[in-house]
Each structure stands twice: as C-alpha cells, then as structure tokens.
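Please read the points below with the model open beside you.

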Amino acid sequence: MKRTWAGTLGRAQIGEQILLKGWVQRRRDLGGLLFLDLRDRSGVAQVVVRPEDHPEIVEALAAVRAEWVVEVEGEVLARESVNPKMPTGEIEVVATRAVVLAHSDALPYALDGHAEASEETRLKYRYLELRRPELQRNLILRHRVTQEARRYFDEQGFLEVETPILTRSTPEGARDYLVPSRVHAGEFYALPQSPQLFKQLLMISGFERYVQIARCFRDEDLRADRQPEFTQIDLELSFPTEETVYELIEGLFARIFPIVGVEPATPFRRMSYAEAMEKYGVDRPDLRFGAEIRDVTADVRGSSFRVFEKTSSEGGVVRALVVPGGAATSRSKLDGWNDFAKKLGLPGLLHLKRQGGEPVFSVREGLSAAERTRLAEGLGVGEGDLALLAAGAAATVAPALGALRLELARQLGWIPENRWEFVWITDFPLFEWHPDDGRWYSTHHPFTSPDPRDLDRLDSDPGSVRARAYDVVLNGTELGGGSIRIHEPRLQSQVFRILGIGEEEARQRFGFLLDALRFGAPPHGGLALGLDRLVMLMAGVASLRDVIAFPKTASATDLMTEAPSEVDPRQLEELAIALRRK
C-alpha cells in the first residue's frame with residue numbers, strides 16, 4: 001500500500017484504507033482504547049487502537065513511547081469529538097495493523113517543551129530539535145522560496161552557474177577561512193566570502209545573466225542575523241541600469257512573499273544614503289513607523305544656550321526625536337534613555353516638553369521663552385509631547401539617535417504588526433576614510449563603479465564621490481546589496497590607487513580581472529540577497545538559527561559535531577603545518 005502523509009488527512013479521506021509511517025508524538029492509554037498521535041513532516045494524525053478488535057496491535061505497541069517510529073495501517077473515520085486545534089482534527093485512523101520500526105531512548109529534553117532546555121542542549125541534539133514542527137515549517141518554507149526563486153530567474157533568462165569554493169584570499173583576507181594545500185606546501189586556498197569576481201568574469205565571458213544559490217563563508221564575530229557560513233541568492237547581468245536590478249528584485253519578491261501571504265507593493269520606495277542617515281540614523285531604516293529624526297541645527301544657531309551655539313557654529317548638528325504623549329515620562333525612564341544614549345557616544349540627552357502650559361527645557365535658563373516656543377513649534381511638540389535632543393558631530397549623533405529611535409519603538413509599542421516596508425537605499429559614498437591607518441576604504445567593495453556625475457572629483461575629493469551601489473531593506477533589515485561594477489581597466493586601476501593598492505599588489509591580487517577587463521568587458525552589475533535573512537523575516541523568527549538546518553553558535557562552533565576540532569598530527573605533517581600554541 002502506498003504511504004499517506006499524516007498531515008494531509010481530512011474528511012475527503014473518510015472510509016479509505018491508508019498506511020502511515022512516522023514518529024509517536026504522544027501515547028494515551030485509556031484502558032479500553034489506545035491513542036497515538038502519529039507525526040511526520042506534514043503534520044499529526046490521531047491513531048486509535050481498539051483492543052477488542054485487534055489485541056495483537058495492542059501487544060505490538062505495548063512498549064511504545066514518545067519518538068518511537070511506527071508503521072500503522074488503518075481506516076479513516078470521522079471523529080466523534082472534533083479537535084479544532086488540529087488541522088486533522090475532524091478524522092482519526094482506526095488501526096488494523098501496526099509495526100514498530102525503531103525504538104527511542106529517553107529524550108534529553110521534551111520536544112514539546114523546548115523552552116525548558118538550554119540553547120546549548122538544543123544545538124547539541126539538533127537532529128531532535130529539527131523534529132519540532134516549527135523548525136520543519138521554516139525549512140520547508142526555505143525550500144519553497146529557493147525553488148520559486150530558481151523558477152523566476154529561469155523565466156528571466158538567467159543561467160545557474162556554480163563558481164569555485166576553493167579560491168584565493170581576498171582583500172579582506174583577515175576574514176577569510178583558509179584551507180591549506182597539500183600539493184603546494186605553505187600555500188593556501190580561501191573559502192569565498194562571495195562569488196564576486198567569478199560572476200564578473202562570467203559577464204566578460206558573455207553569459208549575460210548568471211544566478212546561483214551560493215554558499216559563502218566569513219570568519220567574523222557573529223550576531224543573531226549572521227553565521228560563519230551562509231547562503232546567497234547571487235546574480236549578475238550585463239548591460240543593466242540600476243532600474244533593471246530594482247525591477248528584477250521587486251519582481252522576485254512579488255513571487256516569493258505571497259508564499260507567506262504578503263503582497264509587496266511595487267515599486268519600492270527609494271531613499272538616498274544621506275537622507276536615511278539624517279532622518280533615521282542608519283542606512284537600513286525601519287519604515288514601519290514614523291518618528292523621524294529632525295535636524296534643528298539651523299533653528300538653534302545663535303541660541304543663548306551655549307551648547308547649541310557652540311555645536312552649530314563649529315560644524316556639528318543638533319537633532320531631535322519627538323515622543324508623542326511623552327511629557328509624562330518618569331524621571332527613571334528618562335534617565336534610562338539618557339544612559340542608553342551615553343553608551344552610544346553622546347554626552348547625554350536634553351529634553352523639551354509641553355505639559356500644562358509653556359514648553360519646558362531640561363536645562364533651567366538654558367533657552368529663552370521665545371526660543372523654547374519656537375523650537376517646540378518647529379518640532380511639532382504639542383501639549384503632552386516630549387522632544388529628546390542631542391548635540392555633537394553628525395557621525396556620532398546620527399547613529400546614536402537612530403539606535404534610540406528603535407529602542408523607543410520597542411519600549412513604547414510603535415512598531416505595528418504585519419506591516420512590510422521595503423525600501424531601496426541608493427547613492428552610498430564610494431569610499432570611507434579610516435583615520436586609524438590614514439587611508440580610504442571601499443564602502444562596499446573595490447569593484448563598485450563611481451557615479452559618473454562625480455568622476456571629476458575621484459582623485460581630488462574621494463570622500464564626496466557617490467557609488468552606483470544599492471541595498472534593499474525590509475523592516476530595518478538589509479536583505480541584500482549590490483552595485484553596477486567597474487568595467488573599464490583604467491578606472492579600476494584608478495580606484496585601486498585611491499585605496500592604496502599599488503600596481504604591483506593589484507597585479508598580484510587581481511591580475512586576472514585586470515587582464516579580463518581588457519578584452520571587451522560589457523557594462524555589468526548585480527546583487528546578492530541573503531537567503532537566510534530573507535527566510536528569517538518571512539518565517540517571523542528572531543534568529544537565523546531557526547531557518548538553518550545545522551547552525552553554529554555565537555562562537556562559530558558546532559556543538560553537535562564538536563567542530564572545530566583538533567586534527568591528527570600526521571595530517572598537519574603532510575600539510576607542512578606546525579602549530580604555535582597561544
């Protein structure tokens with residue numbers, strides 16, 4: 001008899017003889033009747049054993065406990081007492097035959113009470129944790145997203161091409177995972193942080209449209225939304241504009257988000273990097289709620305309050321967040337917000353509130369009555385409202401108020417449920433200056449094309465040059481980013497020089513790319529989407545670990561396999577490697 005999936009059973013199957021195979025989720029012996037909740041990846045169905053009809057089944061299942069694997073044949077009948085909490089709650093399977101296929105030892109923790117087990121325990125026994133329906137649903141969702149993405153890109157004329165896993169170290173070499181070569185002693189491969197150079201070479205090779213579900217590796221500190229090995233939906237195409245990429249990705253999201261009942265409104269909003277930093281203090285703004293940061297630097301220039309006057313006259317900024325109804329906020333909560341701001345580099349927060357009369361400033365005699373009124377009106381601080389103000393360098397004030405904005409939203413319940421706000425962030429700076437070592441670095445990567453409107457300042461004022469780069473953001477999470485690439489060898493060499501990569505080093509690291517660019521490289525560009533993050537948001541979970549089958553911990557270890565681990569000294573000898581203990 002062909003197997004039936006437990007979770008597919010319903011009234012339509014009543015009267016059918018079926019075969020189920022799966023795990024016992026729960027056993028209940030009521031004396032006259034034996035009930036088993038039988039689970040497979042599709043769901044759970046109730047199996048009933050009637051001793052008077054089949055005593056041999058009762059005997060076969062006498063020792064069965066949770067997580068034993070059984071095979072049951074039986075007839076689907078309507079349940080006398082419907083269970084509305086179960087998708088299969090209208091039916092039950094009356095067993096006519098049963099076989100135990102595998103026993104299970106006592107579990108290290110109850111699968112229906114996973115919150116009681118530590119995260120370390122759940123990661124050690126990940127194969128048990130993966131039996132939980134929530135995680136199985138997440139991985140099934142990941143499969144569906146991946147398959148729909150493949151179908152979509154195939155329809156758009158993309159070719160799926162695999163790129164190497166063993167490659168050479170990148171400019172960010174300190175973050176590479178290195179693999180020693182046995183044949184070439186003392187030399188190393190690197191695991192790819194992305195297929196960036198190979199996909200550009202595929203464009204030069206004339207494939208025109210490339211896509212890959214690509215495995216990538218990065219040796220860096222971890223967070224809830226980051227893992228040492230991760231998966232990208234990676235794409236590149238020839239002869240694009242930025243709009244070409246935007247339309248492709250918006251079309252993809254219009255295909256995959258309906259899987260979870262979300263219909264993205266297209267086209268997505270566009271926002272420059274400068275606007276995002278000024279209004280939201282971050283280049284991946286959460287647009288599900290308002291509370292934009294307001295710049296009042298011009299309004300307080302010439303102020304009688306020395307802090308505002310000094311800051312505005314010396315090139316700093318004064319910015320504010322308005323908290324509607326916040327005038328009654330307790331002193332302890334205000335102190336908490338102030339401490340939060342100090343941890344982010346601000347000297348502290350000032351506040352202006354209107355409660356039962358004229359606006360009140362936190363520093364007595366700091367502002368004149370006219371200044372307080374003008375500032376309150378400019379910020380829209382009405383009766384009962386509160387404004388939090390910060391003064392300092394824009395590079396400090398913007399991200400600090402951006403983080404405070406999100407903290408206030410969490411504490412005060414500003415974030416609405418079931419709202420999906422997509423936005424493209426554009427016009428990033430091409431370079432960022434690092435004063436520690438006195439040099440320019442690429443904001444994205446060194447193959448990103450400068451904005452043609454800024455090319456005349458590339459050498460004279462690199463910090464003012466914009467990049468043809470873009471990120472797609474959803475609800476404050478960056479889903480992916482990309483750029484239009486440099487396709488002219490002279491311009492690529494010029495960018496290398498600005499980054500402090502001399503001609504000899506450029507030849508050593510990127511000679512193959514520079515050579516390839518000389519043989520008819522088409523204009524090209526692309527984007528990489530983080531599949532793990534994408535599915536995490538679609539599944540509504542807080543951690544990447546919930547959408548990855550076998551994730552690592554925050555210290556990049558696998559508690560189940562105990563990786564990384566020491567290796568046999570003979571392997572090191574064969575690789576010509578000697579270890580130095582710290």
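1. L517 is found in helix α14, residues 503-517. Helices here are DSSP runs of H or I with at least four residues, strands are runs of E with at least two, and both are numbered from the N terminus. L517 has a relative accessibility of 4% and therefore counts as buried; buried means under 20% relative accessible area, exposed means over 50%, and partly exposed lies in between, with a 1.4 Å probe and protein chains only. Leaving aside neighbours within four places in sequence, L517 is in contact with I204, I486, H487, P489 and Q492, where contact means heavy atoms within 4.5 Å. L517 and I14 are 503 residues apart in sequence, and their C-alpha atoms are 67 Å apart in space.

2. A note on the basis of these values. This is a predicted model, in which local features need pLDDT of at least 70 and side-chain atom pairs count only at pLDDT 80 or more, while totals for chains, interfaces and linings use all residues. Residues are numbered from 1 along each chain as its sequence is written, and side-chain values use heavy atoms, with hydrogens and water left out.

3. Is S449 buried or exposed? S449 is buried, because its relative accessible area is 8%. The residue sits in the loop between β19 (439-442) and β20. Beyond its neighbours within four places in sequence, S449 touches L430, A467, R468, I484, R485 and I486.

4. Helix α11 spans residues 369-379, and its buried residues are E371, L375, A376 and L379. Seen down the axis of α11, these fall within an arc of 130°, so they line one face of the helix; the arc is that of the directions from the helix axis to the C-beta atoms. A370 and E377, on the other side of α11, are exposed. The cover over the buried residues of α11 includes β12 (294-295), α8 (297-300), β13 (317-323), β14 (350-354), β15 (359-361) and β16 (386-392). After α11 comes G380, with a positive phi near 75°.

5. In helix α7, residues 273-280, the buried residues are A276, M277 and Y280. They cover an arc of only 105° around the axis, which puts them on the same side of α7. Their cover includes β11 (269-272), β13, α12 (394-412) and β17. The residue that follows α7 is G281, whose phi is positive, near 70°.

6. Some backbone angles deserve a look. Most residues other than glycine have a negative phi, and most peptide bonds are trans. The bond joining T266 and P267 is cis, with omega about -5°, and P267 is in the loop between α6 and β11. A cis bond also runs from A563 to P564, with omega near 0°; P564 is in the loop between α15 and α16 (569-574).

7. E67 lies in the loop between α1 (55-60) and β4 (69-78) and counts as buried at 4% relative accessibility. E562 lies in the loop between α15 and α16 and counts as exposed at 60% relative accessibility.

8. Which residues have the most contacts inside the largest nonpolar core? They are F253, F257, L479, L529 and L534, in a core of 38 residues. A nonpolar core is a set of buried Ala, Val, Leu, Ile, Met, Phe, Trp, Tyr and Cys residues joined through side-chain atoms within 4.5 Å. Elements that each supply at least two residues of this core include α4 (133-155), α6 (242-256), β21 (477-484) and α15 (531-539). The largest share, 7 residues, comes from α6. Apart from this core lies another, of 32 residues, among them A276, L499, A506 and A521.

9. F257 is one of the residues named for the largest core. Leaving aside neighbours within four places in sequence, F257 is in contact with V262, P264, W420, F422, L474, L534 and M538.

10. Last, the whole chain. The protein chain has 16 helices and 22 strands. Of its 582 residues, 46% count as buried. Its C-alpha atoms fill a box of roughly 95 × 75 × 55 Å, taken along the principal axes. Among contacts with a separation of 6 or more, 67% are between residues 24 or more positions apart.
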